[in-house]
Amino acid sequence: MPGPLRVRPLPGEATASYLTRLAATYRLSPAQLLDGLGTTVTGTENAPPAAEIRLSTEAARRLSGFARIPTAHLTRALPHLRPPAPSSAKIGVHGTATAHWHVVEPALQPLPACTACTIRRSPHTSASAWIHPSPGLPRIMICTRHQQASSDPRHPAPLDIRAVPELTQAHLRARRPATPVSLSWASTITTRWYDHHQHLHQRWRMRLHRLIAANPHIPTGPASPALTCRDLITYPETLTLAAALDRLRPHPLTRTQQTAFLHHLAGHLRLPRLAPADHDLLWQRLHTR
């Protein structure tokens, strides 16, 4: 029987997150809700983001009926709703309603979703939502409407980024996503610069101080905010560098062309000059053609 209350999923939401919010609306645990839907569950239940749950086709159909959301819409919103084809045999026979809990490694865990967006989609509960970042993009969630962002699952809630408007501005300017190769190089390079206090250290340190001041709930251990906020702090420069790398010609650059590239990149990064050391990863990228 369909539930009387409507709880809509967020785009990219983890299945465990949506199931937890839906169950909390009726003051149930996920296990109780699945039992009520006649679904056999295996694995150890855990809260998101540490765990995810896979549903068989029949279990997904029953969840869709109870939530009063078409299966196609539910599948589109929840990227991990159904198991991948090679694993389908592991969670049950075709036509049976089964579900399986599994642990998610930290590097793949979802991020806390914007609280304002969550409340709009589940007005009957205060349960948090967790979303999976889009594949091929930085592991960052930015809600430009409500000025909230996430980049690390160790944060219990998204961060207020109103004190750091350049994050939203960079996100809005990135209309054309960088290629995965350039984005990977850019992220690795800015991470190295950040860890070794190079080039943009003063700017990033001030950005970190503003984030911490605006978000007293950021946990201080075991990982410090300097680490858990790193991807957010370097986000604008990572996008700028990725876009610049995408414009590089496919053939090796002459020394003059390399100097010109660094001059233009310094301008885009708002630096008076950019003179990386010989061991800088940026030089390695310029020589890897």
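Guide: The account below begins with the chain and then turns to the helix pair. This is a predicted model, in which local features need pLDDT of at least 70 and side-chain atom pairs count only at pLDDT 80 or more, while totals for chains, interfaces and linings use all residues. Residues are numbered from 1 along each chain as its sequence is written, and side-chain values use heavy atoms, leaving out hydrogens and water.

The protein chain has 13 helices and eight strands; these are DSSP runs numbered from the N terminus, with helices (H or I) of at least four residues and strands (E) of at least two. Of its 289 residues, 47% count as buried, meaning under 20% relative accessible area with a 1.4 Å probe, protein chains only.

Within this chain, helix H6 (residues 165-173) packs with helix H11 (residues 235-246) at an angle of about 30°, and their axes lie 8 Å apart. The axes are lines fitted to C-alpha atoms over the stretch in contact, and angles run from 0 to 180 degrees between N-to-C directions. The angle therefore makes H6 roughly parallel to H11, a label for angles under 35 degrees.

On the H6 side, Glu166, Leu167, Ala170 and His171 take part, and they meet Tyr235, Pro236 and Leu239 of H11; contact means heavy atoms within 4.5 Å. By class, the contact of H6 with H11 comprises five nonpolar, one polar and one charged residues. Here Ala, Val, Leu, Ile, Met, Phe, Trp, Tyr, Cys and Pro count as nonpolar, Asp, Glu, Lys and Arg as charged, and the others, Gly among them, as polar.

Note on methods. Angles under 35 degrees count as roughly parallel, over 145 as roughly antiparallel, 65 to 115 as roughly perpendicular and the rest as oblique. Buried means under 20% relative accessible area, exposed over 50%, partly exposed in between (1.4 Å probe, protein chains only).
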